[in-house]
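Dear colleague,

I am handing over a structure for you to look at, and below it I have set out what was found in it. Please keep the model open while you read.

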Amino acid sequence: MDGLLTDSQFDAFRKLIYDSSGITFSEINRSILDSRLKERLRNKNLTNPDDYFTLINSDQAEFKSFLDSITTNLTRFFRNQPHFDALINYVIPHIIEKKKRTNDTKIKIWSAGCSTGEEPYTIAMLLKDKLPEPYTFEITASDISLKCLMIGQQGFYAASRVEGIPSAYLDTYFTKVEDGYQVKADLMKTIKFDYHNLRYDMGARNFDIVFCRNVLIYFDEKAQKACIDKFWDSMSFDSYLFIGHSESLFGMDTKFTFLKTDWACLYEKKLALT
């Protein structure tokens, strides 16, 4: 094949990527890996992929930068509106009923694969607007890309990036600055951005809601199953999982229950049977 990598080099790189992250590269997307590697080689003043392979096996910081470079971070505010309609009209009312039974007023949410932060900020705006007192929320937003996490933490977006945000929300939760829009501090403090590789256990527990949209498509079936099982472990009972509209757990051996609402389809971790 005409490209940077020989077949044996391609196999070595994709095995390393898969073993460490669950991300799968096939012959179909080999050219993407090829082009990303060329960028990293130029960045490190190297010409031989073997030398770079040796480097990323000994330098964790560079390996994280490499994984960052091969991930796709397409996102936008209010992406797939039906999911957010289901969140507000179905999920939140059910979560509140659960909280009443336990005298708990805090809702815990995980935005996994949060990219540059548009998804967790969208969730935060909606809950700030719609969540009744005395309920509060906290959002953990994680990604494998340190570069994306930094953008989310900074909370600054160019004017072209805020298209789709309702004007009332834009006025309430953003400050217009010279080159774009800055998320206001009151909204930013509801979100904790944190590096996390979905190959591994998050460690946190008792999430009421997990969003992991358009991430599983980069995993093979085995890695998908492992990831979904880790979500199950991280969630409380009577909690809800959102995945991408083109993704499905159909045919997967999972404990989650498929749930079709009037707005969107999602998955539920039901109350434990006694």
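This is a predicted model: local features need pLDDT of at least 70, side-chain atom pairs count only at pLDDT 80 or more; totals for chains, interfaces and linings use all residues.

Residues are numbered from 1 along each chain as its sequence is written, and side-chain values use heavy atoms, with hydrogens and water left out.

The protein chain has 10 helices and 10 strands, where helices (H or I, at least four residues) and strands (E, at least two) are DSSP runs numbered from the N terminus. With 274 residues, a compact globule would have a radius of gyration near 19 Å, and the 20 Å of the protein chain agrees with this; the radius is taken over C-alpha atoms, and the globule rule is 2.2 Å times the number of residues to the power 0.38. Along the principal axes, the C-alpha atoms of the protein chain fill a box of roughly 60 × 55 × 30 Å. Buried residues make up 48% of the 274 residues in the protein chain, with buried meaning under 20% relative accessible area, exposed over 50% and partly exposed in between (1.4 Å probe, protein chains only).

Turning to the sheet, three strands form an open arrangement in the order β3-β5-β4, with antiparallel pairing; two strands pair if DSSP finds at least two bridges between them. The edge strands are β3 (156–158) and β4 (174–177), each of which pairs on one side only. From one strand to the next the twist averages 30°, the axes being lines fitted to C-alpha atoms (for helices over the stretch in contact) and the angles running from 0 to 180 degrees between N-to-C directions. β3 and β5 (residues 180–183) pair in the antiparallel sense over three bridges, and Gly 180 in β5 is the bridge partner of Ala 158.

The aromatic side chains come next. A search of the whole structure finds 19 aromatic pairs, where rings of Phe, Tyr and Trp (its six-membered ring) pair if their centres lie within 6.5 Å, and planes under 30 degrees apart count as stacked, over 60 as edge-to-face and the rest as tilted. Phe 78 and Phe 84 form an edge-to-face pair, at 6.0 Å centre to centre and with 65° between the planes, and Phe 78 and Phe 84 are buried. Phe 84 also forms a stacked pair with Phe 211, at 6.0 Å centre to centre and with 20° between the planes. This second pair links distant parts of the chain, since Phe 84 lies in helix α5 (residues 81–102) and Phe 211 in strand β7 (residues 207–212), 127 residues apart. Phe 84 counts as buried because its relative accessibility is 1%, and Phe 211 is buried with a relative accessible area of 0%. Phe 78, Phe 84 and Phe 211 belong to one aromatic cluster that also includes Tyr 169, Tyr 173 and Phe 242.

Lys 108 lies over the face of Phe 207 at 5.3 Å from the ring centre, and Lys 269 lies over the face of Phe 237 at 4.6 Å from the ring centre.

Finally, the structure holds 20 salt bridges, a salt bridge being a side-chain nitrogen of Lys or Arg within 4 Å of a carboxyl oxygen of Asp or Glu. The side chains of Arg 30 and Glu 27 meet in one of them (3.2 Å, N to O); Arg 30 counts as buried at 3% relative accessibility, whereas Glu 27 counts as partly exposed at 46%. Asp 186 forms a salt bridge with Lys 128, the closest N and O atoms being 3.0 Å apart. Asp 186 lies in helix α9 (residues 185–188) and Lys 128 in helix α6 (residues 118–130), so this pair ties together parts that are 58 residues apart in sequence. Asp 186 counts as partly exposed at 41% relative accessibility, and Lys 128 counts as partly exposed at 32%.

Conventions:
A charge sits over a ring if NZ of Lys or CZ of Arg is within 6 Å of the ring centre and within 35 degrees of the ring normal.
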